[in-house]
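This report covers a ligand shell, a helix pair and a sheet. Please look over the sequence and structure first.

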Amino acid sequence: MQTINPTLVPFKTLYTGDKIPVIGLGTFGSDNYDAETIAMAVKTAVKMGYRHIDCASVYGNEKEIGVVLKELMNEGIVTRDELWITSKVWNDKHNAVIESCKQTLADLQLDYLDLYLVHWPFPNFHPPKCDVNTRQDNAVPYIHTHFMHTWSQMENLVETGLVKNIGTSNVTIPKMKLILRDCNIKPALNEMEIHPHFQQPELYQFMKDNGVEVIGYSPIGSPGRPERDKTPKDTVDMEDPVIMAIAERLGVHPAVVCLKWAVQRGQITIPFSVKTDKMYNNLKGITEVPLTEEDMLAISKIDKHCRLIKGQVFLWKGAKSWEDLWDLNGEITTL
Ligand SMILES: NC(=O)c1ccc[n+]([C@@H]2O[C@H](COP(=O)([O-])OP(=O)(O)OC[C@H]3O[C@@H](n4cnc5c(N)ncnc54)[C@H](OP(=O)(O)O)[C@@H]3O)[C@@H](O)[C@H]2O)c1
């Protein structure tokens, strides 16, 4: 197998002083791949040179990933402190964050996490593989006091040493303003959807201005996302003529152009794949041949504001549409 020297991968230094590699392997593939396949991809990725893995309890594969992490360390391929491991508390555990984190640590066979995120700012649960019309009966919109109760448990995890950094995911500017106002420990990172057709420049800049680093998920445009997240209006980043032209010039896959753009723009990127050649091309892509200033400018102009992971299944009774989750008019949507 071809490998990349992990020291070639740039990193971002967080306000906490910790350093996170700018590329990690995504592990959400439960609608297309079984847990063993994804765990084997993690093993291959670490052997190849990846040092950052983006996990979550809801992905249903932390136990299997834990087995391979243990093997990698036992085989002397990597040490714990060379790895960056992220996990996330799922929406049904907002009142049981510490218990949930301990379960993740047991499943991953680790003593600590580098990063723990609140996966969504709503306590609304949905079963895996549900369809777009699934709703939880008692679903609620964002309630700031509830979220801060969850956040104080996140802070406790840092204080007790189970987690090195905490962060948010799928929040908006108005939600983040309140969190920053009321937290004791500031989020170190925010994970949010970003790809060339969905650049979220205002939210991205807001995070950067507040010293919160950004992890961009679905960086390639998530072609394998669940059916519930597909609509006829969705655009395809990898088929954009600007992306395709740059890919052709550089002799790389359009997916790799999306990742180069992500890292050069300044976000941390977490592409998913279980295919060795794709994992390799992605890692290699961000360590060589940068995009030109002209390329970066051209890509900045192809934003289609096309959110792919809309989150309909988290809506509450009385909500009008998935846009209600994203506070489009600058105010938090309530009941
Ligand atoms: N915080 C959140 O709420 C949240 C939400 C969504 C995702 N995430 C995280 O972000 C990660 C990445 O997002 P994602 O899985 O939605 O989508 P993605 O990384 O944008 O796309 C993954 C898909 O792209 C394909 N691909 C990867 N590299 C490629 C290459 N070099 N050439 C051609 N195709 C390539 C993969 O193909 P194969 O299937 O053939 O391997 C896979 O189907 C997730 O796995 C998860 O860890 C977080």
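Helix 8 (254–265) and helix 9 (276–285) each supply at least two residues of the shell around the ligand. Helix 9 gives the largest share, three residues. The model is predicted. Around the ligand there are 30 residues, and Gly-26, Ser-222, Gly-224, Phe-272 and Ser-273 come nearest. By class, the shell holds twelve nonpolar, 13 polar and five charged residues.

Next, the helix pair. Helix 3 (residues 97–108) packs against helix 4 (residues 144–159) at an angle of about 45°, and their axes are 9 Å apart. The two helices are therefore oblique to each other. From helix 3, Val-97, Ile-98 and Cys-101 take part in the contact; they meet Thr-150, Gln-153, Met-154, Asn-156 and Leu-157 of helix 4. This contact is made by five nonpolar and three polar residues, with no charged ones.

Eight strands form an open sheet in the order 3-4-5-6-7-8-9-10, and the pairing is parallel. Which strands stand at the edges? They are strand 3 (25–26) and strand 10 (268–269). Each has a single partner strand, so one side of each is left without a neighbour in the sheet. Strand 7 (residues 163–169) and strand 8 (residues 189–193) run parallel and are joined by three bridges. Gly-167 stands opposite Leu-189 in strand 8.

Key:
Residues numbered from 1 in each chain as written. Predicted model: local features only at pLDDT ≥ 70, side-chain atom pairs only at ≥ 80, totals over all residues. Near = placed C-beta within 6 Å. Helix = DSSP H or I, 4+ residues; strand = E, 2+ residues; numbered from the N terminus. Nonpolar A, V, L, I, M, F, W, Y, C, P; charged D, E, K, R; others polar. Axes fitted to C-alpha atoms, helices over the stretch in contact; angles between N-to-C directions. Parallel < 35°, antiparallel > 145°, perpendicular 65-115°, else oblique. Contact = placed C-beta atoms within 7 Å. Pairing = 2+ DSSP bridges.
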